Amino acid sequence: MNFTSVKDLTNINAWLKKALEIKANPFGFQEFGINKTLGLIFLNPSLRTRLSTQKAAMNLGMNVMVMNLGTEGWSIEMTDGTVMDQGSQEHIKEAAGVISQYCDIIGIRTFAELKNREEDYSEKVLTKFIQSAKVPVVSLESATLHPLQSFADLITLEEQKKVTHPKVVLSWAPHPRALPQAVANSFVEWMKQADVELVITNPEGFDLAPEFTDGVTVLHNQDEALAGADFVYAKNWSSYENYGQTAPNLTDWTISKPKMDLTNNGKFMHCLPVRRNVVVTDEVIDSENSLVLEQANNRTFAAQTVLLKMLQNVG
Ligand code: AN0
Ligand code: CP
C-alpha cells in the first residue's frame, strides 16, 4: 500500500483508535519494524515531518536513512523522454529504483511549484516517484496534500474536543510568500470524514479547489465563520483560482485575540512553521488555548500508525 491521501484508509476511526493506542504504548509494536529500513527523501525543507517520522520509525525499531535530495543529491529530471543535456543529472526513474533497493518503505516530500495548476494537481513528481519505486511510498507532503499532518490534526481534535460534534473553522490567514494549498486541501479532506461541523473561511478569490470544498460551507466573512467555533485552524494558501497569487496586505485576516473572542473559547491550531504576528498574534499562539505543540507531538503517532499499517500491510 501507499499512503498519499485519506482515500488510502479503509476506516478512519480504526486508524484513529490505533494512533491513540500507539501513543499510549509507543514501543509496543517493535516486532514489525525490526531490521526494516525507512528512507526519507526531502526535495523541500522540513523540521517536523523529518524528525517526527524518524522518531516514529525508531519507536517501531526500524532503521532510518534521511536524504535532502533537493539540496544534497544530483539534480533530478522529472519528465520522461527528455534529452538530459541541460541541468538535470539523474532521472527520477533511476533515483526511485535505486532507493527502493535500500529501503522497505520510502517517504518523499515534494512541494507544489505554484506555476502550473494542472501540473501541480496531477501530482507529477509524487506519481512519477511511486511509478518507479519498488516498495510502498508514504507522502511527507505532496503538491496538493499533507496527509500525515491532517492525521495528526485529527488525533489532536479527538483528544481536545469537549463536545461530540465540535465546530471546526479553517481560516485563511495572510502570508508574505506564495504557499501551496496542500495543508488546507488535506485538512478539509480529513475533516469531511470526521464527526465535526466544518466551516471554511477565506477572502474572495481564495476558494480552494471545488473537489475539496464540495459540500462544505465556505464563508467570505471571517467574523461570521468564527462565531461559536470550538477550533480555529489557521493556514495561509495562495490562490487556486488565480493560481499562486497572494494577498499579504489582507492583515485584518490575522488571527488575533479579538477574532478568538468571537469563538466558543476556541482552541487555536496551525501546522507550523508559522509566521508570528502575520498569520497569528503572539497573544493567541502563546495562550493556553493554543494547540500547536500538541499537533506537532501527534505527528509522531500519526506517522507511527501509518508505518505500522504499511509494515503489517493491512488497510
Ligand atoms: C509549507 C506549506 O504551506 O505547505 C509547509 C507546511 C507544513 N509551509 C511553508 O512553506 C511555510
Ligand atoms: N508541519 C510540517 O509539516 O512541518 P515541516 O514542514 O517542518 O515538516
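## Residue classes and basis of the model

Ala, Val, Leu, Ile, Met, Phe, Trp, Tyr, Cys and Pro count as nonpolar, Asp, Glu, Lys and Arg as charged, and the others, Gly among them, as polar. By this scheme, the shell around ligand 2 divides into three nonpolar, four polar and three charged residues.

The model is predicted: local features need pLDDT of at least 70, side-chain atom pairs count only at pLDDT 80 or more, and totals for chains, interfaces and linings use all residues. Residues are numbered from 1 along each chain as its sequence is written, chains are lettered from A and ligands numbered from 1 in the order in which they are written, and side-chain values use heavy atoms, with hydrogens and water left out.

## Ligand 2

The residues around ligand 2 (one of their heavy atoms lies within 4 Å of it) are Ser46, Leu47, Arg48, Thr49, Arg109, His146, Gln149, Cys271, Leu272 and Arg299. Polar contacts are pairs of N or O atoms within 3.5 Å; within protein, one must be able to donate a hydrogen and the other to accept it, and residues adjacent in sequence count only if both atoms are side-chain atoms. A side-chain N or O atom of Ser46 lies 2.7 Å from an oxygen atom of ligand 2, and a backbone N or O atom of Leu47 is 2.6 Å from an oxygen atom of the ligand. The side chain of Gln149 places an N or O atom 3.0 Å from a nitrogen atom of ligand 2. Of the 250 Å² of accessible area that ligand 2 has on its own, the protein covers 94% (Shrake-Rupley method, 1.4 Å probe; for residues, only the protein chains shown count as cover).

## Ligand 1

Around ligand 1 stand Phe111, Glu141, His146, Leu179, Pro180, Lys235, Leu272 and Pro273. This shell comprises five nonpolar, one polar and two charged residues. A polar side-chain atom of Glu141 is 2.6 Å from an oxygen atom of ligand 1, while a side-chain N or O atom of Lys235 lies 2.7 Å from an oxygen atom of ligand 1. Taken alone, ligand 1 exposes 330 Å², of which the protein buries 83%.

## Backbone features

Most residues other than glycine have a negative phi, and most peptide bonds are trans. Leu272 and Pro273 are joined by a cis peptide bond, with omega about 5°. Pro273 belongs to the loop between strand S11 (267-269) and helix H12 (282-285); helices (H or I, at least four residues) and strands (E, at least two) are DSSP runs, numbered from the N terminus.

Leu114, which is not a glycine, has a positive phi of about 60°. Its place is in the loop between strand S5 (105-109) and helix H5 (117-121).

## Aromatic pairs

The whole structure contains ten aromatic pairs (rings of Phe, Tyr and Trp, the last by its six-membered ring, with centres within 6.5 Å; planes under 30 degrees apart count as stacked, over 60 as edge-to-face and the rest as tilted). Trp172 and Phe206 form a tilted pair, 5.0 Å centre to centre with 50° between the planes. This pair links distant parts of the chain, 34 residues apart: Trp172 lies in strand S7 (residues 167-172), and Phe206 in the loop between strand S8 (197-201) and helix H9 (210-213).
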